[in-house]
Amino acid sequence: MSDPPHAPVGSDAAVDESRLEELIVEAQTALPVELPALAHRCASALGLDSALIYLVDLQQRQFIPLDEALEPLSVADSSAGWAYRTLSPRVADTDDGVIIWMPLVDGAERLGVLAVRTASPDEARMRRSRMLAHLLAMLITSKRAYSDWLAARIRTATMGLPAEMLRAFLPPRTIGSRRCVSTAVLEPAYDIAGDAFDHSVVKNVLHTMILDAMGHDLAFGLTTSVAMAAARNTRRGGGDLADVVGSVDRALAQWLPDHFCTGVRCRLDAITGVLRWVNCGHPPPLLIRSERVVHGALDSPPQPPIGLAGELAPAARQVRETTLEPGDHVLLYTDGVVEARDANGVGFGLDRFTDFIIRSSAAGQRPAEVLRLLIHALLDHQRNRLRDDASILLFEWHPQ
């Protein structure tokens, strides 16, 4: 793939503060389709030659340029991909200067990369490139909430209606704070129906949830959508963990009485490490500590799935509790992950699943990168033809 185009390298690296202020004000009302030109003008105001925005596609395999005249770049084997995977700048030499590849990150979520062309990677230009990447990441996040153009730009296939409906409810892939990070992946990206995840940070509390509705059509996508809406409604109203699960039970029983789902709902106090969870007919969460799975640590007596009505409805949900240790990882997943089989019928399996996470984490990969690599390994195992939705959510507690 060819390098991105660029303007002639200039020698003046001074910052035009007045022009930069004008551009920041302009950015507030700029259309998403105007971001490529705006990025160039901001780069010029910072004494840089040019800047190009690349957003990662829905499956995190390619970087899609916002400039529609350019070609995508590979995440796996490019300087841009190195910056994205490690969240560190990458400098690549060119005939007339350098390209500084800066990760585009909003909070804890990786959005893509920024290609900054400049004469040299001195301290001032590196600092300005970081400033520009931070600014553009915030702009992209603020504008994608209402821009079909940005949503369509990062797609590489046609999306099914159930997936379109469900993705409208999904939060960002990765969220977090200084004390905890939660990240998730979901495949098949364009045909999901019954799986979903949710996570949110409220003050110093991390809320996470994974759901698996029984079935694979639009109605079952509606089941998980109603479940997420009910959970958020009660959570935002100040309800505790049992209240949240109870509200989902009642919502499904009332609005979709013939549908139900399994799921796990967790609440982590990021100050104390106290983890409380409710498991409703779902595979138990896994605790990874010191590079090994602590078997049975998060098991609990079986409880019915969510949404059962009448005599089948549980009287009350049992809330379990434990205390994490610094550096612990908790893994939530749906059965489509471990039941994925290759052409010979060999399953991916729980041992391979957990071993992959442990080895990748031990190698220094960040949680979001661990799950990106894992979901691709799962797809490769089944030759990109998953028989069931596969969802994975991983959160870690690092109070220091």
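Student: How many positive and negative side chains does the chain have, and how far apart do the centres of the two sets lie?

Tutor: Happy to start there, with the reminder that this is a predicted model. The chain carries 39 positive and 50 negative side chains. Compare the centres of the two sets, and you find them 3 Å apart.

Student: What does the accessible surface come to, and what share belongs to carbon and sulfur atoms?

Tutor: The total is about 17,800 Å², with 51% of that belonging to carbon and sulfur atoms. As for the interior, 52% of the 400 residues are buried, buried meaning under 20% relative accessible area.

Student: Which secondary structure elements make up the chain?

Tutor: There are 11 helices and 17 strands. The radius of gyration is 23 Å, close to the 21 Å from the globule rule for 400 residues, so the chain is as compact as a globular protein of that length. Its C-alpha trace spans about 75 × 45 × 40 Å along the principal axes.

Student: What share of the contacts with a separation of 6 or more comes from residues 24 or more positions apart?

Tutor: In this chain, such pairs account for 66% of those contacts.

Note on methods:
Residues are numbered from 1 along each chain as its sequence is written. This is a predicted model: local features need pLDDT of at least 70, side-chain atom pairs count only at pLDDT 80 or more; totals for chains, interfaces and linings use all residues. Side-chain values use heavy atoms; hydrogens and water are left out. Helices (H or I, at least four residues) and strands (E, at least two) are DSSP runs, numbered from the N terminus. The radius of gyration is taken over C-alpha atoms; the globule rule is 2.2 Å times the number of residues to the power 0.38. Buried means under 20% relative accessible area, exposed over 50%, partly exposed in between (1.4 Å probe, protein chains only). Contact means heavy atoms within 4.5 Å. Accessible areas come from the Shrake-Rupley method with a 1.4 Å probe; for residues, only the protein chains shown count as cover. Lys and Arg count as positive and Asp and Glu as negative; His and the chain ends are not counted. The place of a charge is taken as NZ of Lys, CZ of Arg, CG of Asp or CD of Glu.
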